[in-house]
Amino acid sequence: MVNLNYGGREKILSVEDLVVKFNLRGKVLTAVRGISMELYSGESMVIVGESGSGKSVFTKTFMGMLDLNGWIDSGRIIYKGSDLAKYKTEREWLKIRGREIAMVFQDPMTSLNPLKTVGRQISETVELHRAARGTSARKISLDILSDVGISNPEKRYDQYPHELSGGMRQRVVIAIALVCNPQVLICDEPTTALDVTIQAQILQLLHSLQDKYSLTIIYITHDLGVVANVADRIAVMYAGDIVECGLCDEIFYNPQHPYTWALLSSLPQLGVRGEPLFAIKGTPPNLHVEIKGDAFAPRNPYAMEIDFIKRPPYFEVSPTHKARTWLLDPRAPRVTPPPSIVRSQERWKEMRRNA
Amino acid sequence: MPEMGKREKLLEVRNITVEFGSGKRKFTAIDDVSFDIYRGEIFGLVGESGSGKTTIGRAIIRINEISGGEILFKGERVSGKISSETDKKVVKNIQMIFQDPMASLNERAKVDYIVSEGLYNIRPDEAKEDRRRIVAQSLLDVGLLPEFADRFPHEFSGGQRQRIGIARVMVMEPELVIADEPISALDVSIRAQVLNLMMTLQKTKSLTYLFIAHDLSIVRFITDRTAVIYRGKIVELARTEKLFANPLHPYTKALLSAIPQPDPEVERRKRVFVYDSTSHDYAADPPSWFEIEPEHFVSANTKEKKEYEEMLK
């Protein structure tokens with residue numbers, strides 16, 4: 001990673017060459033193929049990729065939540081000076097999980113216990129992680145409920161999850177994650193299961209909580225369309241690798257990797273009515289076999305011969321922006337991206353001139 | 001989209017009401033809803049979860065019974081008590097694509113059976129070879145290979161499974177297809193493929209779609225006319241471009257303001273409106289349904305109607 005120090009922020013988490021493998025019905029599958037990434041204190045990092053790209057697996061390693069058939073094969077995850085990749089026992093993980101790094105899951109319908117009241121589920125976490133019991137735990141829980149924008153917390157405290165709407169439930173899940181004051185919050189598709197109107201509200205809520213709780217947030221999503229407002233930086237994942245990483249504006253206005261082009265141009269917001277929408281052909285690669293060259297090459301209309309032979313290195317676009325594609329090699333032929341990307345890139349040039 | 005005047009009403013939904021439960025626990029899911037769908041158009045129905053949009057789709061294909069109003073298909077009543085002949089016609093001509101391809105395919109059946117199941121109903125004495133040929137063609141039509149007929153659903157990805165769901169609809173050669181959130185369970189990159197497939201099929205098979213969705217960016221992209229539904233009532237209906245250019249009802253405005261834009265600059269300036277259903281002054285002056293400009297309908301009381309007319313000037 002090149003941007004060692006953007007905006008004078010401190011590095012909070014750094015991942016070096018992480019490889020995660022799974023044993024699936026006797027066959028070994030490589031889900032994360034050597035990712036390096038740095039997370040800076042107070043930023044919002046968005047990891048975007050389609051299902052199976054390894055984005056959830058990647059972030060689960062920060063909390064020791066890999067399924068039993070998965071393991072970290074090599075690489076390091078440095079958090080506050082210690083290497084999380086070496087953690088083995090639950091006892092070690094309990095120091096991190098919840099109190100340092102917490103997680104908000106995708107579906108608030110399944111991530112809450114239907115048999116316990118909302119208040120009970122929050123104060124349970126308080127009692128486990130903070131030295132508070134009984135009424136003081138209740139007080140902390142009520143405070144956090146109003147912090148996440150739940151009106152009338154006294155009443156909600158004694159209600160069961162089924163009595164709340166989807167948006168409310170997701171607020172409760174966020175409250176549970178925040179109640180032990182974690183440093184890093186991982187939000188795994190926090191709005192995918194929600195309605196468009198509620199989606200915007202939850203993202204706004206997370207954004208406003210970020211300052212109050214001085215959080216570093218990692219958003220995981222498959223939809224680039226929803227994160228333009230909350231992202232500081234964006235990492236695009238494909239087949240277990242980060243193929244492009246840059247500041248929010250750099251990814252939206254000046255994307256370089258053909259996969260990022262494809263993801264952006266397939267959004268219906270950018271489509272032209274009456275014309276077919278840009279679609280990525282084919283399906284993601286099989287991770288059971290070793291991937292040669294650029295993993296996206298078989299689906300990439302811009303693929304060159306070398307894309308099938310040698311894995312591209314990161315090419316630096318700016319000190320904060322890098323992409324893993326041979327198209328950035330000085331010897332590569334110049335190609336014209338899809339029309340909507342050309343428009344964005346022109347706008348980007350103009351923005352740079354005016355800046 | 002056919003020309004005005006020459007349009008043929010394929011489906012007429014007239015003042016339908018759907019209720020669940022009875023007595024004290026009665027819940028009105030659909031409250032006096034009317035709209036027409038013209039042949040050849042893509043009609044969008046948008047609303048949040050629980051607004052009743054799926055219930056309307058299910059009422060049309062007779063899964064949910066309606067307790068008031070009527071539904072006409074090509075001028076013939078298809079709601080309430082109908083002859084078994086009409087029922088067969090409904091089954092053949094109105095088909096539904098379901099939301100979640102992971103849940104809507106029979107895990108124990110081969111693709112061949114899943115796709116041809118409907119044919120056993122409408123043409124029970126068809127020869128086996130003919131049936132296989134139809135299945136093969138229909139798999140090709142949706143971009144799958146004919147040899148997939150001998151596989152089971154679990155061998156396919158979400159996008160492929162949704163294609164199987166579409167193939168199953170297409171073998172019936174329907175005239176009206178109800179697509180209930182057909183792509184919201186799919187990945188972004190696969191969404192575009194399935195959306196393009198649906199648009200191609202609409203052209204080649206001259207289909208009419210009722211497109212049910214909560215995602216307005218897709219509705220704007222694909223539909224000709226759009227109805228916005230809130231808590232079982234349609235609050236606004238217009239040609240899609242008009243609706244997006246001049247939303248009148250506050251709920252429509254709230255929905256439009258929430259569409260996420262893949263553009264950081266626009267997003268930073270964005271303001272999201274939250275709709276408050278108590279903001280209307282409907283106690284003294286109840287709302288009714290007005291055509292506020294040609295082909296643009298909105299639910300409003302007399303005071304709001306004046307305001308809306310003002311806005312359009």
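Contact is taken here to mean heavy atoms within 4.5 Å, and by this criterion 37 residues of chain B are in contact with 41 residues of chain A. The model is a predicted one, in which local features need pLDDT of at least 70 and side-chain atom pairs count only at pLDDT 80 or more, whereas totals for chains, interfaces and linings use all residues. Residues are numbered from 1 along each chain as its sequence is written, chains are lettered from A and ligands numbered from 1 in the order in which they are written, and side-chain values use heavy atoms, with hydrogens and water left out.

Between them, chain B and chain A bury about 3200 Å², of which 56% lies on carbon and sulfur atoms; buried area is the accessible area (1.4 Å probe) that two parts lose on being put together, summed over both. Of the area that chain B buries against chain A, 21% is supplied by B:Val188, B:Phe221 and B:Pro262, more than by any other three residues.

On the side of chain B that touches chain A, at least two residues each come from α6 (188-204), α7 (216-222), α8 (240-245), α9 (250-257) and α10 (264-269) of chain B, helices (H or I, at least four residues) and strands (E, at least two) being DSSP runs numbered from the N terminus. The largest share of that side, eight residues, is contributed by α6(B). Four salt bridges are found across the interface of chain B and chain A, a salt bridge being a side-chain nitrogen of Lys or Arg within 4 Å of a carboxyl oxygen of Asp or Glu. A:Asp249 forms a salt bridge with B:Arg268, in which the closest N and O atoms are 2.8 Å apart.

Within chain A, eight strands form an open sheet of mixed pairing in the order β6-β7-β8-β3-β9-β10-β12-β11, two strands being paired if DSSP finds at least two bridges between them. Its edge strands, each pairing on one side only, are β6 (101-104) and β11 (315-318) of chain A. Strand β3 (residues 44-48) and strand β9 (residues 233-238) of chain A pair in the parallel sense over four bridges, and A:Met45 has A:Arg233 in β9(A) as its bridge partner. Helix α9 (residues 258-265) of chain A lies across β3, β9 and β10 (241-247) of chain A and runs at about 105 degrees to β9(A), where axes are lines fitted to C-alpha atoms, for helices over the stretch in contact, and angles run from 0 to 180 degrees between N-to-C directions.

An open sheet of four strands in chain A has the order β2-β1-β4-β5, with antiparallel pairing, and β2 and β5 (82-83) of chain A are its edge strands. Strand β4 (residues 70-79) of chain A is joined to β5(A) by two bridges, with A:Ser82 in β5(A) as the bridge partner of A:Tyr79. A salt bridge links A:Glu38 with A:Lys11, the closest N and O atoms being 3.7 Å apart; A:Glu38 lies in strand β2 (residues 27-40) and A:Lys11 in strand β1 (residues 11-24) of chain A, 27 residues apart.
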